[in-house]
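Student: Hi! I've got a protein model open and I'd like to talk it through. Could you help me read it?
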Amino acid sequence: MAMGKTPGDPDGNGEEVGFAEINITPLTDIFLVLLIIFMVTSSVIVQQAPGGAQTGLKVNLPKGGTTDVTARATDISVAVLADGRFVLGGNVVGEDELKRAFAKAQEENPDTVVIVQADEGVPHGTVVQVMEMAKSVGLGQLAIGVRESQ
């Protein structure tokens with residue numbers, strides 16, 4: 001260093017000069033490294049799903065009310081009332097009877113669709129319980145009945 005000059009004083013006139021612009025290259029490098037780390041770890045997490053199953057659910061959302069899905073004669077429609085009772089074929093049934101009806105339908109036709117029609121006040125857990133009963137006997141095609149929007 002030359003005599004009489006202070007650090008950061010290139011002209012030697014006693015005034016300090018700051019940086020004219022900010023260098024964002026190191027910050028960009030850090031963000032790119034973090035992006036790569038997140039991409040690698042997320043793909044590893046998806047590949048390590050138990051049993052090789054995918055971690056997400058594939059949901060087919062219904063389109064607006066221009067087309068109607070018609071139920072086949074082999075499909076089963078289960079109504080869940082606001083108080084939690086199950087109605088099958090116009091009769092109030094218990095859980096055991098519902099499971100037996102699902103098992104009988106699965107034996108007759110494995111492609112039977114179970115349509116769950118739940119009252120608006122029914123807790124989500126009750127609807128899931130009916131769907132799990134159907135899945136436990138091998139009926140995997142499930143649908144939720146809704147009314148048309150007006």
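Tutor: Happy to! One definition to begin with: two strands count as paired if DSSP finds at least two bridges between them. Also keep in mind that this is a predicted model.

Student: Okay, so how do strands E1 and E4 pair, and over how many bridges?
Tutor: Strand E1 covers residues 76–80 and strand E4 covers residues 113–118, and they pair in the parallel sense over five bridges. As background, strands of a sheet pair through backbone hydrogen bonds, either parallel or antiparallel.

Student: Which residue in E4 is the bridge partner of serine 77?
Tutor: That's isoleucine 115.

Student: And in what order do the strands sit in the sheet?
Tutor: The order is E3-E2-E1-E4-E5, five strands in an open sheet with mixed pairing. At the edges you'll find strand E3 (91–93) and strand E5 (141–144), each of which pairs on one side only. From one strand to the next, the twist averages 30°.

Student: Switching to helices. Which strands does H2 lie across?
Tutor: Helix H2, residues 95–108, lies across E1, strand E2 (86–88), E3 and E4, and runs at about 165° to E1.

Student: And which strands does H3 lie across?
Tutor: Helix H3, residues 124–136, lies across E1, E2, E4 and E5, running at about 165° to E4.

Student: How do the axes of H2 and H3 cross?
Tutor: They cross at roughly 40°, and the axes come within 9 Å. Angles under 35 degrees count as roughly parallel and 65 to 115 as roughly perpendicular, so H2 and H3 are oblique to each other. Their crossing is right-handed.

Student: Which residues make that contact?
Tutor: From H2 there are Glu95, Leu98, Lys99 and Phe102, and from H3 there are Gln129, Val130, Met133 and Ala134.

Student: New topic: where is threonine 112?
Tutor: Threonine 112 is in the loop between H2 and E4.

Student: Is threonine 112 buried or exposed?
Tutor: Buried, because its relative accessibility is 1% and the cut-off for buried is under 20%. Its side chain also reaches the backbone oxygen of asparagine 109 at 2.6 Å.

Student: What about valine 113, buried or exposed?
Tutor: Valine 113 is in strand E4. With 14% relative accessibility, valine 113 counts as buried too.

Definitions and conventions. Residues numbered from 1 in each chain as written. Predicted model: local features only at pLDDT ≥ 70, side-chain atom pairs only at ≥ 80, totals over all residues. Heavy atoms only, no water. Helix = DSSP H or I, 4+ residues; strand = E, 2+ residues; numbered from the N terminus. Axes fitted to C-alpha atoms, helices over the stretch in contact; angles between N-to-C directions. Contact = heavy atoms within 4.5 Å. Buried < 20%, exposed > 50% of the residue type's maximum accessible area, 1.4 Å probe, protein only. Polar contact = N/O pair within 3.5 Å; in protein donor to acceptor, adjacent residues only side chain to side chain. Parallel < 35°, antiparallel > 145°, perpendicular 65-115°, else oblique. Left-handed = near helix turned anticlockwise from the far one by under 90°.
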